[in-house]
Amino acid sequence: PVTCRHDDLKEMLDSNKDSLKLEAMKRIVAMIARGKNASDLFPAVVKNVACKNIEVKKLVYVYLVRYAEEQQDLALLSISTFQRGLKDPNQLIRASALRVLSSIRVPIIVPIMMLAIKEAASDMSPYVRKTAAHAIPKLYSLDSDQKDQLIEVIEKLLADKTTLVAGSVVMAFEEVCPERIDLIHKNYRKLCNLLIDVEEWGQVVIINMLTRYARTQFLSPNQNESLLEENPEKAFYGSDEEDSKDDKPDAASLVKRKPYVMDPDHRLLLRNTKPLLQSRNAAVVMAVAQLYFHLAPKAEVGVIAKALVRLLRSHRSVQWVVLQNVATMSIKRRGMFEPYLKSFYIRSTDPTQIKILKLEVLTNLANETNISTILREFQTYIRSMDKDFVAATIQAIGRCATNIGKVRDTCLNGLVQLLSNRDELVVAESVVVIKKLLQMQPSQHSEIIKHMAKLTDNIQVPMARASILWLIGEYCEHVPKIAPDVLRKMSKSFTGEEDIVKLQVINLAAKLYLTNSKQSKLLTQYVLNLAKYDQNYDIRDRARFIRQLIVPTEKSGALNKYAKKLFLAQKPAPILESSFKDRDHFQLGSLSHLLNAKAVGYQELPDWPDEAPDPSVRNVEVPWLPTLRFSLSLSFPDPESVSESESESSSSSSESGSDSGSRGEESGDQSEEEEEEKKKKKKGKEGPRKVCPESAGRYHRHWRGEGAGSATSWELRNTSRDMGGLHDSFTSPALERRDQLITSQPQHVPTAFLPPSAQMLSPVFSTMKTYELLHRMAGEGLSVEYYFNRQPFPPDPHMVAVQIQFSNNTESEVKNLRVSEPKLVSGMRIQEFQEIGKSMVGIDTCPQLPGVNWAGSFSLWHVSSSTHSRQFYVSIQPPVGELMAPVFMSENEFKKEQTPHYKHCTVGTGTWT
Amino acid sequence: MIHSLFLINCSGDIFLEKHWKSVVSQSVCDYFFEAQEKAADVENVPPVISTPHHYLISIYREKIFFVSVIQTEVPPLFVIEFLHRVADTFQDYFGECSETAIKDNVVIVYELLEEMLDNGFPLATESNILKELIKPPTILRSVVNSITGSSNMGETLPTGQLSNIPWRKAVVKYTNNEAYFDVIEEIDAIIDKSGSTVFAEIQGVIDSCIKLSGMPDLSLSFMNPRLLDDVSFHPCIRFKRWESERVLSFIPPDGNFRLISYRVSSQNLVAIPVYVKHIISFKENSSSGRFDVTIGPKQNMGKTVEGVIVTVHMPKAVLNMNLTSTQGSYTFDPVLKVLTWDIGKISPQKLPNLKGIVNLQSGAPKPEENPSLNIQFKIQQLAISGLKVNRLDMFGEKYKPFKGVKYITKAGKFQVRT
């Protein structure tokens, strides 16, 4: 009958009617769904791969992907159809052709797939590019030799600027080359900025990857704390030795105490992920939570607790995963969950596995102040009908008792009461926990030991019996009368006991023999004889060993003398620890963390580096934003010269104080003397501008403001706003939503488009925005700001003048400030920047007119500066508007210039005509 | 990521399988069945099971186990959340996520699963996008299709895929433009024996049903937004606006969706709308016990408490219960030992009471714990936290929409310990 039915289907597939074909395909797919074999239909189905009806075609695809691996030769027949599909003008068809082609696991078509992926990676449609990203891991799993070529494609797609591609390509990266962290550098900031608009699944993958990335590139934000803990010792030892010689240790500790400054990129990641804690998707929330747990400064981790507690309202399976992670976190960062203690209270309707996890969290959260509330809760739990849960509660009480000395006796009393519980499991669990507690202070509790000795008559749970026997043996001196009697009873039932109980009976016998041999000698002999012929070799072995040890014979050596010391040595009390302790060496939220074992393909979370790798690797050469990059260097003077330079600097500072902020047209000037002159000339033209404190504060808010959640670095924001002004078409809803997004393709604004006849205007508006180049914290006291003075730069009309202000905020002086290693992209020029030899002291602002100028070329600029003692990498990225000069021209001239090519520029300058 | 998916019903039949990479044999589910057997009930099957070659991550929804097969490291919540999304999509398409619905629509289910994952990584999970690719089944459409031969599949890329607002279709048209918001709050509480509150919290959601033409840009503001302590958003909400102005500003998806869920700040005291008086006792050495429960509304509400249902999981030793109720009806399931008392509306004049005798298994020891009472109720036209919507404004479109807000308070996990 089976073949009959299939014949029927074949007939339908061969017919000319699409409706019949569709019906047949539907029935076939239903078979596949039920797990029935439909492979014999392959030839009939594959013929329809080019069918016009889209639903038939889709179902044929489903069939192909399912059976192509088994019928490779026949599957090849369909390839040409897909190759044609890859060229289709409809993006959906191109994408689905690539999807199916890459899903057919036939090794022979690897080169075809490779080609298709490469082509799709440069497709116009982002959806097709996304599909290409999905295809990468498929090809990789089919043929891992393609890795190098695939990495090239990944690199290309990582540079893609659309949110649609970002998640998929990072997924491909994680599956193919997670070790190539270097591929991320250039895309790091972009990924951070796109993150909020990426679809939720992509967000999870990107956040997890960036967590790993951050661990390799930034310094631990909590290192200062650990330094503080270490320091006293080190300073102590250090000073001891070298105090007399010189003050080297001082210098060493100075370096050590260097304040930690978070890399702005590190901050960017934290800031841009934070709003995602509000995601509706539990996986996203968890991803951000683990990112904060692993990367944020201690003081900031707390924000995740609220979001995680919210997830506890979700489905049971979500709860289960979240609670496991909370359990691990609550060991390291107890404080952050303490306000939510009650959210972990247990309901009788919770499933047992949830109850036990909540109990774990409650136990981790217990401290001196909340323990009484927690114990009151535990009392309710102990009466539960769910006995596994009761057992877990008893253990939790035990852990609270060991960790919090104050309540140890209360807990112990409570547990002893449980010994008369009707349920044997409860009693057994209590015995085991009491045993552990008693080990901490046995002498006070001989009554409890006596009580427990009586239990041996009734309690049958082996672990509990073994625990009691061990207790009696260990503390037989406290119960001298009962102990031999227990041994007597146990020797009677010895043969019927479980192995762990037998071992403890032997133990008890040995200990009694050593302390009270008169009463127990015969009994011990008897037990050892029974054990000698036991079926279990562990027990036989133990008996032989113990007999040699305790019973003195001629053969037994010196060991015999120490038998008592061996058996009755002080034993350290066991430490009751959470099973979640140290689980955080696995990345939280991962499968490996959940299983507490490394899963296949798990990427270790690296430790923080001791020294931060070069942060400039993340600088991006944005083609449409000229950026001036350079490093500033300065030297701290030698101690001897301090007194000398102090007087000098005081004069210079007073001078510069009055001059600060006044700027003239000739600001491009280089030489210092000249500059001084000009400053005098221009004095008073603009009011003096105090720069340092206020603007530093503003900058501070920029980076760490409360609204930090959504903003990106200010450069990007500024530029995107300017671009928005230039292109009206560019106000998509997404841009309105989060204005830092730059979704448009880079637009090349033409260089210096001044017509020869045009006459430059002097600036009319005076509100100038200063930008922070180097924050005083990052610059170790030196802060640098710049602004565009919007003045023509006479030496070269194609250059733009940038005014840079240096201020020294420290007591010590700074000298030999210079710009080094300017990284200039071709077409970019910079005027020589002369070294500032002058030293600066005090909180004064010391304005310099270095006249860093650059050509109005819209390509990238790098500059860098250096000295022997400190070097800071900085970059200037001017807003587009700053690179345009106002020009006067007549209407006719304007129209003449208004070629399509320049159109968008004239929009900007049109107001001047 | 996700290798395969098996759907398994309660009697252990695998009624659907789908593979996104090479085929994984059904026998992998044996490990799941093993774990299921070990767990006392479905609630206790561990969501993640490790087997020699695979990991199984599962969820349980509407009496169906969604068991996914994983081969390499993946965040478990990623898979769990995705599986729930699959179940939600079925619900959305077929009106219910049941075994019969899935079996009846197996081809659509397969097409959906095909679109939702590519090589195990989510491709399209947004309901608006899926509905453009694969049209939900309706009787009318299937009739039309069978006559005209047209298909259920979209032939072009859904507009949402490429737009910055993937949750909304491009061309939406309604003759009546309406926007409805349901503010639903749930009280989670644990009340102890003496009637004092151990723990109480209000969790709320705003579910929306928006049928507006074009690209409306809405902003919804509250009288007292500070009440909202912790909020999670639908992706359509502009986070920045909320941060700065406490206004929900968004371009809505088309149709039904959850706009936000929130928790009310824990400093606010929660008004518990009902109280319970109870005497449940079992005598030592006797095969019977007493059961007497009265439930009443608290005075200060001014609204009627309705839809009241009390559920009690009785101890295992209970054989039977002989009770009389002054209002509503009760049932006792002697197998599951669950007592359900469906009361309905409570009027303060005559308080509903249920009392009588509990018969215990003879010889069984007296149950140690008194069962706790789980209470469900509903209060219409009230958000217990006091949250109030201030206004809804629409920008971007010219027509005047019809707007409506409804409030309702329900019991969440509301438990009274006895």
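Which residue stands opposite Leu248(B) in strand 12 of chain B? Keep that one in mind for the first close-up. Everything pictured here comes from a predicted model.

**Close-up 1. Three strands of chain B line up in an open sheet.** The order of the strands is 12-10-22, and they pair in the antiparallel way. Going from one strand to the next, the twist averages 15 degrees. Now zoom in on strand 10 (residues 217–222) of chain B and strand 12 of chain B: 4 bridges join this antiparallel pair. Here's the residue we asked about: Leu220(B) is the one that stands opposite Leu248(B).

**Close-up 2. Helix 17 and helix 19 of chain A pack against each other.** Helix 17 covers residues 282–295 of chain A, while helix 19 of chain A covers residues 303–311. Their axes lie 10 Å apart, at an angle of about 150 degrees. An angle over 145 counts as roughly antiparallel, so that's the label for helix 17 and helix 19 of chain A. Helix 17 of chain A goes past helix 19 of chain A in a left-handed crossing. Look for Ala282(A), Val285(A), Met286(A), Ala289(A), Tyr292(A) and Phe293(A) on the helix 17 side. On the helix 19 side, they meet Val303(A), Ile304(A), Ala307(A), Leu308(A), Arg310(A) and Leu311(A). Sort the residues of this contact by type and you get 11 nonpolar, no polar and 1 charged.

**Close-up 3. Helix 25 and helix 26 make another packed pair in chain A.** This time we're looking at residues 408–418 (helix 25) and residues 424–438 (helix 26) of chain A. The angle is about 145 degrees, and the axes are 9 Å apart. The crossing of these two helices is left-handed. From helix 25 of chain A come Leu412(A), Leu415(A), Val416(A) and Leu418(A). Among the residues they meet in helix 26 of chain A are Val426(A), Ser430(A), Ile434(A) and Leu438(A). The tally for this contact is 10 nonpolar, 1 polar and no charged residues.

**Close-up 4. Chain B meets chain A.** In this view, 104 residues of chain B are in contact with 102 residues of chain A. Together the two chains bury about 9000 Å², and carbon and sulfur atoms give 56% of that area.

Definitions and conventions
Residues are numbered from 1 along each chain as its sequence is written. Chains are lettered from A and ligands numbered from 1 in the order in which they are written. This is a predicted model: local features need pLDDT of at least 70, side-chain atom pairs count only at pLDDT 80 or more; totals for chains, interfaces and linings use all residues. Side-chain values use heavy atoms; hydrogens and water are left out. Axes are lines fitted to C-alpha atoms, for helices over the stretch in contact, and angles run from 0 to 180 degrees between N-to-C directions. Angles under 35 degrees count as roughly parallel, over 145 as roughly antiparallel, 65 to 115 as roughly perpendicular and the rest as oblique. A crossing is left-handed if the near helix is turned anticlockwise from the far one by less than a right angle, and right-handed if clockwise. Contact means heavy atoms within 4.5 Å. Ala, Val, Leu, Ile, Met, Phe, Trp, Tyr, Cys and Pro count as nonpolar, Asp, Glu, Lys and Arg as charged, and the others, Gly among them, as polar. Two strands pair if DSSP finds at least two bridges between them. Buried area is the accessible area (1.4 Å probe) that two parts lose on being put together, summed over both.
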